[in-house]
Amino acid sequence: MSDLANLEQRALSELNATDGEESLRAWKTRYFGEQGEVTLALKNIGKIPGPERAAYGKECNRIKASLGEAFEVRQQAEKDKALERSLAEPPIDVTLPGRRPAHGRLHLATQVMRDIRGIFADLGFQVYRSREVEDDEHNFGLLNMPPHHPARDMWDTFHTMTPGVLLRTHTSPGQIHVMRQFKGKPIRVILPGMCYRYEAITTRSEIQFQQVEGLAIGSRVSMADLKGTISAFARRMFGEERQVRIRSSYFPFTEPSIEVDMDCIVCAGKGCSLCKKSGWLEIMGAGMVHPTVLKNGGYDPEQFTGFAFGMGPQRIAMLKYAIDDIRQFWGNDLRFLQQF
Ligand code: PHE
């Protein structure tokens with residue numbers, strides 16, 4: 001019995017010494033938890049010898065009730081204190097600015113494509129689209145590459161399970177589609193779009209990439225027009241001081257064929273690591289439309305001439321923004337995309 005009196009005294013003085021909700025919770029566990037002292041005392045009732053049991057049990061229950069009450073009082077006092085504290089704090093400032101929602105932006109490829117379209121729009125070129133899934137005939141045959149023509153090797157191709165159906169390796173098949181749609185009228189269009197090549201992926205080549213095809217056909221379109229158009233484009237895209245240079249090349253669908261270089265944007269022709277010490281950067285393939293291709297598009301080569309070019313906007317963006325890895329474009333890494 002004296003143990004119980006002792007327990008009550010100790011519990012009460014410890015309760016009075018608690019400070020804050022946490023120590024209050026600890027107190028409760030200490031006395032009323034599963035292994036708490038009051039809990040154990042209650043469990044002990046059964047073990048007390050008969051004659052003393054009733055008095056012991058009664059005292060236990062009285063202590064349980066009185067400590068429980070004291071706890072509630074103390075807990076209420078803590079709650080009141082917390083309330084007072086929060087009322088004394090400065091009120092919520094509803095004039096604070098809200099959180100800004102994250103802003104999306106156009107993909108770098110889209111931005112550059114829009115720049116290119118804008119420049120050619122100013123030069124009088126309309127924008128056309130043509131299909132990404134092509135047939136062998138348009139991708140090769142009508143572009144002067146009959147089956148087994150060795151030049152087909154220039155384009156490693158994704159073929160589908162359907163014979164003769166493939167993913168276009170360049171935007172040039174669009175030339176045929178546009179010519180057949182214009183039916184002998186003069187043409188001045190660009191054809192932007194995605195192309196696919198079954199190639200090893202490196203810092204400079206991807207299995208998927210965009211191209212912008214250009215096609216101009218008229219009665220007296222010349223190589224000078226091609227050169228003027230390309231120079232105008234390079235200057236608008238990269239700056240007025242840019243120079244372009246033309247090298248002879250080979251494509252089955254143009255004759256003569258050329259490759260166009262621009263003086264290096266980093267060293268302006270002196271030679272640096274970007275241009276591999278040559279002073280020049282390749283920006284596109286081009287040439288005068290081959291008479292056979294004109295014929296295939298329904299144009300009489302005796303009456304019409306034309307030029308065509310094909311450039312890679314990813315390469316152009318790499319030059320403009322000094323990007324050293326083409327895989328960044330479709331890698332979906334926000335750390336890259338957010339820089340533009
Ligand atoms: N289609 C060619 C390529 O993908 C580029 C090109 C287009 C060349 C038009 C000449 C004329 O390599």
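**Close-up views of a predicted model**

View 1. A polar side-chain atom of Gln211 lies 3.0 Å from an oxygen atom of the ligand. For Arg197, a polar side-chain atom is 2.9 Å from a ligand oxygen atom, and for Trp155 the corresponding distance is 3.5 Å. A polar contact is a pair of N or O atoms within 3.5 Å; within protein, one must be able to donate a hydrogen and the other to accept it, and residues adjacent in sequence count only if both atoms are side-chain atoms. The model is predicted: local features need pLDDT of at least 70, side-chain atom pairs count only at pLDDT 80 or more, and totals for chains, interfaces and linings use all residues. Residues are numbered from 1 along each chain as its sequence is written, and side-chain values use heavy atoms, with hydrogens and water left out.

**View 2. The shell around the ligand.** Of the 15 residues around the ligand, those that come nearest are His170, Ser172, Arg197, Gln211 and Gly310. A residue is near a molecule or strand if one of its heavy atoms lies within 4 Å of it. Strands β5 (208-218), β8 (280-289) and β9 (305-311) each supply at least two residues of this shell, and β9 gives the most, with 3 residues. Helices (H or I, at least four residues) and strands (E, at least two) are DSSP runs, numbered from the N terminus.

View 3. The side chains of Arg10 and Glu37 meet in a salt bridge, at 2.9 Å from N to O. Glu37 lies in helix α3 (residues 37-44) and Arg10 in helix α1 (residues 2-17), so the pair ties together parts that are 27 residues apart in sequence. A salt bridge is a side-chain nitrogen of Lys or Arg within 4 Å of a carboxyl oxygen of Asp or Glu; by this rule the count comes to 13.

View 4. Glu255 and Pro256 are joined by a cis peptide bond, with omega about -5°. Pro256 is in strand β7 (residues 254-263). Lys276 is in the loop between β7 and β8. Although Lys276 is not a glycine, its phi is positive, at about 50°. Most residues other than glycine have a negative phi, and most peptide bonds are trans.
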